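Me: I have a structure to read and would like to go through it one feature at a time. Please show me how.

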Amino acid sequence: MSESAKRRSWSPGARGAALLLALVLAVYLVLLGQRAVTMLFSGVPVFAVLGVAVFVLPVLGAVLVLDQIRFGMRTQHLAERMSDEGTLPDVSHLPLRPSGRVRRDAADEWFEGKRAELERTPNDWRAWYALAQAYDLAGDRNRGRRSMRRAIELERRDSE
């Protein structure tokens with residue numbers, strides 16, 4: 001891993017916090033699952049039906065958490081690969097608001113540039129990564145995540 005990728009990778013504090021939250025959620029899901037099993041085998045039909053409904057929650061929660069962890073790891077992989085290639089978009093020159101977020105006008109201008117770049121190379125995962133970052137800077141996280149998922153999919157095809 002390059003030195004710049006090491007600097008950009010999660011700090012131990014952020015990684016530790018994410019791990020702690022996932023662990024707390026796992027404990028909660030196990031406890032919820034135990035309650036569901038207790039309800040299922042209570043012998044009372046209404047509780048059994050509720051037990052099935054309650055059992056769905058930990059399963060769904062686990063699937064969603066695993067999906068988010070996988071998404072984060074794949075995103076980190078793309079960032080490291082781009083950093084090693086020297087193609088990671090640099091946003092350090094963009095002006096910031098007092099909150100630390102990029103100013104909206106600058107984010108919008110950055111976004112338009114990245115969208116034009118994507119139109120020139122629609123099958124390049126790097127362009128999709130840059131667009132995802134631009135969406136994030138512009139405050140549109142949902143489209144940013146969809147764009148990042150597209151970048152992950154295209155990069156996976158390229159590396160096969």
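Predicted model: local features only at pLDDT ≥ 70, side-chain atom pairs only at ≥ 80, totals over all residues.

Me: Is Val-27 buried, partly exposed or exposed?

Reply: The general idea is a scale of relative accessible area: under 20% is buried, over 50% is exposed, and in between is partly exposed. Val-27 has a relative accessible area of 45%, so Val-27 is partly exposed.

Me: Which residues form a nonpolar patch on the surface?

Reply: Val-27 is one of them; the others are Leu-20, Leu-23, Val-24 and Leu-31. Together they have about 470 Å² of accessible area.

Me: How do I read the packing of H3 and H5?

Reply: Two packed helices are described by the angle between their axes and by the distance between those axes. Here helix H3 (residues 45–85) and helix H5 (residues 125–137) pack at about 115 degrees, and their axes are 11 Å apart. That makes H3 roughly perpendicular to H5. The crossing of these two helices, H3 and H5, is left-handed.

Me: Where is Met-73, and is Met-73 buried or exposed?

Reply: Met-73 is in helix H3. Its relative accessibility is 57%, so Met-73 counts as exposed. For a distance, take Met-73 and Ala-26: they are 47 residues apart in sequence and 19 Å apart in space, C-alpha to C-alpha.

Me: How many salt bridges does a search of the whole structure find?

Reply: The idea is a side-chain nitrogen of Lys or Arg within 4 Å of a carboxyl oxygen of Asp or Glu. The search finds 13 salt bridges. One of them joins the side chains of Arg-104 and Asp-108, at 3.1 Å from N to O.

Me: How are Arg-104 and Asp-108 placed in helix H4?

Reply: They are four residues apart in helix H4 (residues 104–120), so about one helical turn separates Arg-104 and Asp-108. Asp-108 is partly exposed, at 31% relative accessibility.

Me: What does Arg-115 form with Glu-112?

Reply: Arg-115 forms a salt bridge with Glu-112, and the closest N and O atoms are 2.5 Å apart. These residues, Arg-115 and Glu-112, are three residues apart in helix H4, so about one helical turn separates them. Arg-115 is partly exposed at 36%, and Glu-112 is partly exposed at 40%.

Me: Which residues do salt bridges that share partners join into one network?

Reply: First a pair: the side chains of Arg-157 and Glu-153 meet in a salt bridge, 2.6 Å from N to O. The network joins Arg-81, Glu-85, Asp-124, Arg-126 and Glu-155.

Technical notes. Residues numbered from 1 in each chain as written. Heavy atoms only, no water. Patch = residues over 30% accessible without salt bridge, like charges linked within 9 Å, V, L, I, M, F, W, Y side chains within 5 Å. Areas by Shrake-Rupley, 256 points an atom, 1.4 Å probe, with all protein chains shown as cover. Buried < 20%, exposed > 50% of the residue type's maximum accessible area, 1.4 Å probe, protein only. Axes fitted to C-alpha atoms, helices over the stretch in contact; angles between N-to-C directions. Parallel < 35°, antiparallel > 145°, perpendicular 65-115°, else oblique. Left-handed = near helix turned anticlockwise from the far one by under 90°.
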